[in-house]
Amino acid sequence: MGSLWLIEELCGVCADMSRIIQSQAVALEQLGAVCMEDERAAVERRLTILIGRDEAPDLYKGGKAV
């Protein structure tokens, strides 16, 4: 196992977990509940700083998971 392969796999795991979390956030929002919105926004800002706004995955747009 090369380092690049490991990094790619970890990125894939993180992306999958992000999709799950975003879907759960949408489900909670539909029930009128929100959870850890400040933390979610902070992580989204960190991701944007790291990879740039134009490169960020479109997992969460306008309060809805895509």
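This is a predicted model: local features need pLDDT of at least 70, side-chain atom pairs count only at pLDDT 80 or more; totals for chains, interfaces and linings use all residues.
Residues are numbered from 1 along each chain as its sequence is written, and side-chain values use heavy atoms, with hydrogens and water left out.

**The chain as a whole**

- Of the 66 residues in the protein chain, 9% are buried; buried means under 20% relative accessible area, exposed means over 50%, and partly exposed lies in between (1.4 Å probe, protein chains only).
- The protein chain has an accessible surface of about 5500 Å², and 62% of that surface belongs to carbon and sulfur atoms. Such areas come from the Shrake-Rupley method with a 1.4 Å probe, and for residues only the protein chains shown count as cover.

**Helix α1**

- Helix α1 covers residues 3-30. Its 28 residues reach 41 Å from the first C-alpha to the last, close to the 40 Å expected at 1.5 Å a residue; the expected span is 1.5 Å times one less than the number of residues.
- Gln-22, Ala-25 and Val-26 are buried in α1.
- Trp-5 also sits in α1, where it is partly exposed at 40% relative accessibility.
- Together with Leu-6 and Leu-10, Trp-5 forms a nonpolar patch on the surface, with about 300 Å² of accessible area. Patches are made of residues with over 30% relative accessible area and no salt bridge, joining like charges within 9 Å and nonpolar side chains (Val, Leu, Ile, Met, Phe, Trp, Tyr) within 5 Å.
- Gly-32 follows α1 and has a positive phi, near 85°.

**The loop and helix α2**

- Met-36 lies in the loop between α1 and α2. Its phi is near 60°, a positive value in a residue other than glycine, and Met-36 is exposed, with a relative accessible area of 53%.
- Helix α2 covers residues 37-51. The end C-alpha atoms of α2 are 21 Å apart, in agreement with the 21 Å that its 15 residues should span at 1.5 Å a residue.
- Just after α2 comes Gly-52, with a positive phi of about 95°.

**Salt bridges**

- The structure holds three salt bridges, each defined as a side-chain nitrogen of Lys or Arg within 4 Å of a carboxyl oxygen of Asp or Glu.
- In general, side chains of opposite charge can pair when their charged atoms come close.
- Asp-16 and Arg-19 are joined by a salt bridge at 2.2 Å, N to O. These two residues are three apart in α1, about one helical turn. Asp-16 is partly exposed at 39% relative accessible area, and Arg-19 is partly exposed at 39%.
- Arg-40 pairs with Glu-37 at 3.3 Å, N to O; the two are three residues apart in α2, or about one helical turn.
- Arg-40 also meets Glu-44 in a salt bridge at 2.8 Å, N to O. Here the spacing in α2 is four residues, again about one turn of the helix.
- An α-helix has 3.6 residues a turn, so residues three or four places apart point the same way.
- Glu-37 is partly exposed at 28% relative accessible area, and Glu-44 is partly exposed at 36%.
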